[in-house]
Amino acid sequence: MDFGLSIGKNGGFINFTGNFNHRGSTNRMQEWEGSIFNGHNSVERVAVADNYDTSLLLDDDLTDIFQYAGTAGIASNGDETKEELQGILSEDVTESELLARGLQRSDFNLQVGQSKVRGSQFFANLSIPLDENLELYGFVGLSFKNGKVAGFYRLPNQSRTYSPAYPNGFLPEINSNIMDQSAAFGIKGMLGDWNVDFSNSYGKNEFLYYVTNSNNASMGNSIPFEADSGGFNYSENTTNFDMNRFYEDTMVGLNIAFGAEHRVENYGIVAGEEISYTQYNTLGIESLKEETSIGATACFTARVPNANLKFTLDGYLINIDDRVILTGLFGDNGNVELANLFQQANATQAAFFTNSLDTQTMGLDFVVDHKANISDGVSLTNTLAFTFSETSLEKVEVPKAIADAGLSDTYFDPTSRIHLESAVPTTKGNLSHNIKVGDNWNFFLRNGYFGEVREATNENDPSIDYRFGAKVITDLSIGYNISNSTRFTLGTNNLLDVYPDKNDPAFRSDRRFIYSRRSVQFGTNGRYVFGRLTFKIK
């Protein structure tokens, strides 16, 4: 919805825009083919039917296991040791348990696709001319998004499932709450022959998580089923002063511009509840600190007035030190020092966030704009844009205890390196065309190019092609102004229903991931058709 009011008699205005939206979830997973239940789950099922407290099946007294094993179809002599019994109860009995519980394999699917999202946005902007050469302007914005996505299905035969609470396992739900705030005000005008602009802008993003339908398996019977998992926030305040002047008679036109900017940034991590952690960190890892970066940019623009062409070339270089990463999952590898630390944490493996990398990113952005009037009432705007970027790893800092244990390649493994350097397209571009016919019709066509990416994995099998080829995605829409205040748009994103190349079977995780989950080229939702009705309230 859009609503505007005039201010004064010199063209001033204030405009309000708001919308509410809902997006359903999608799922690209096929039916789960892996194991689900083991012998211990069968014993639990029989014990539940007898109203027995199944948490007691986990202690060192094996009497109850032997009591229910026969009814569960588990062959035992009744005198096995705990270690022998563990081997017997670890056998896969998925098919018989599915039948006994009246379940299907698809009941254990996870969600592979876009999340469910509800959102609302509000935006207001104003312009107030103070005189012929001076204008006050500003805007404010506020938006909320609530999302829900599922994690990996915690199967009943996995150690990370506390089966007395979830006898059939569970699908944890990750609920997100996102809030964005922005505001900017400024004054611009002429100072002699110079254009002058002074402004201040502020923005903040907050992203919080709340996990439901879950557990912390290390907590046993004191297990909570939901927890505040924390989040993060980022805010930025920028003050700008810019001046520019165009000399029409110098060469074919010369523009001189300069300015100054002061920016303050703040980043915060919200810890959340301690129960949302697997265990507390006792591995001697340093606390997180701020990343530091140094960047440089250069811009070149040119116009060809006779051809209605404009060229823009931007280059950038960004060096980031102490970059935060999530390490690989590692154990003690037989190292005494690490083994002691794991014992203190009551854990056998660990992964954590840490400041460990220095990286460099270089890139070029190239844009060509063209405008043409085809005939009376028909205009065409064409835009060609391409981005070329490359990120390289400059240095990795590995803690001494981990390096001494021979775990440097696990700490920052090939998967992480590929994800940093090659798992997103280094080349992207689009060619768009916008045709306006009269005052009512609008036709828009865009072809987007997504360059090749590589599967992020530790494997290096010469028989497997780890690359996903470049693709072109086509978007098309047609808009019609029904009246001065009502507009209808019909369109489709990904008109030709293009998908990324499918994963090699080695990476599908028993049909969970038909498309890569580690490399991000573009989405896997396929064709999307939409209709949009827009109202302007005057």
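**Close-up 1. Helices α1 and α4 side by side in the predicted model.** Here we're looking at α1, which covers residues 39–49, and α4, which covers residues 94–101. Their axes come within 10 Å and cross at roughly 20 degrees. Angles under 35 degrees count as roughly parallel, so α1 runs roughly parallel to α4. As for handedness, the α1 and α4 crossing is left-handed.

**Close-up 2. The residues where α1 meets α4.** On the α1 side, the contact is made by Asn41, Ser42 and Arg45. Facing them from α4 are Glu97, Ala100 and Arg101. Sort the residues of this contact by type and you get three charged, two polar and one nonpolar.

**Close-up 3. The second largest pocket and the residues nearest its centre.** This pocket holds about 530 Å³ of space. Its lining is made up of 14 residues. Zoom in on the centre and the ones lying nearest are Phe246, Asn255, Thr301, Ala302 and Arg303.

Close-up 4. β9 gives the largest share, with five residues. By type, the pocket lining splits into nine nonpolar residues, three polar and two charged.

Definitions and conventions
Residues numbered from 1 in each chain as written. Predicted model: local features only at pLDDT ≥ 70, side-chain atom pairs only at ≥ 80, totals over all residues. Heavy atoms only, no water. Axes fitted to C-alpha atoms, helices over the stretch in contact; angles between N-to-C directions. Helix = DSSP H or I, 4+ residues; strand = E, 2+ residues; numbered from the N terminus. Parallel < 35°, antiparallel > 145°, perpendicular 65-115°, else oblique. Left-handed = near helix turned anticlockwise from the far one by under 90°. Contact = heavy atoms within 4.5 Å. Nonpolar A, V, L, I, M, F, W, Y, C, P; charged D, E, K, R; others polar. 1 Å grid on protein atoms, 1.4 Å probe; cavity = no way out; pocket = protein on both sides within 12 Å on 5 of 7 lines; lining within 4 Å. Points joined across faces, edges and corners; volume = space filled by probe spheres on them.
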